[in-house]
Amino acid sequence: MGGRWTDDDGTQARVYCRAPPALLGQIAAYPICTLMTLGFLSLLPRRQVAGLSLAGRLSMYAYLLHPLVIFNPVVWLGQACLLRHIGWG
């Protein structure tokens with residue numbers, strides 16, 4: 001059964017992703033993301049700030065360890081069961 005973006009064989013999604021507007025959007029996304037990253041890095045303090053430096057170091061664990069939660073098969077199974085239970089799966 002086809003969804004919003006795909007026909008039964010997935011042709012609509014392949015055609016959309018190869019369309020010129022989609023390709024231009026993908027090409028434009030890389031420089032925009034690079035500039036956003038540089039802008040974010042320019043906001044970081046270059047010296048230690050009382051209270052903020054320790055909080056920043058401790059908060060990095062959430063960013064470093066979140067792939068273990070997101071890409072964990074047990075979490076996927078739990079999400080699938082939950083979605084099936086509420087009628088979305």
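**Exercise 1. Find the accessible surface of the chain and say what share belongs to carbon and sulfur atoms.**

Solution. The accessible surface of the chain comes to about 8300 Å², and 71% of this belongs to carbon and sulfur atoms; such areas come from the Shrake-Rupley method with a 1.4 Å probe, and for residues only the protein chains shown count as cover. The model is predicted, so that local features need pLDDT of at least 70 and side-chain atom pairs count only at pLDDT 80 or more, while totals for chains, interfaces and linings use all residues. Residues are numbered from 1 along each chain as its sequence is written, and side-chain values use heavy atoms, with hydrogens and water left out.

**Exercise 2. State which pattern the chain follows along the sequence.**

Solution. Begin by counting the elements: there are four helices and zero strands in the chain, where helices (H or I, at least four residues) and strands (E, at least two) are DSSP runs numbered from the N terminus. Read along the sequence, this gives the pattern α-α-α-α.

**Exercise 3. Decide whether L58 is buried or exposed.**

Solution. First locate the residue: L58 lies in helix α3. Next recall the cut-offs, since buried means under 20% relative accessible area, exposed over 50%, and partly exposed in between (1.4 Å probe, protein chains only). L58 has 53% relative accessibility and therefore counts as exposed. For the chain as a whole, 2% of the 89 residues count as buried.

**Exercise 4. Name the helix that gives the most to the lining of the largest pocket.**

Solution. Helix α3, residues 52-70, gives the most, with seven residues.
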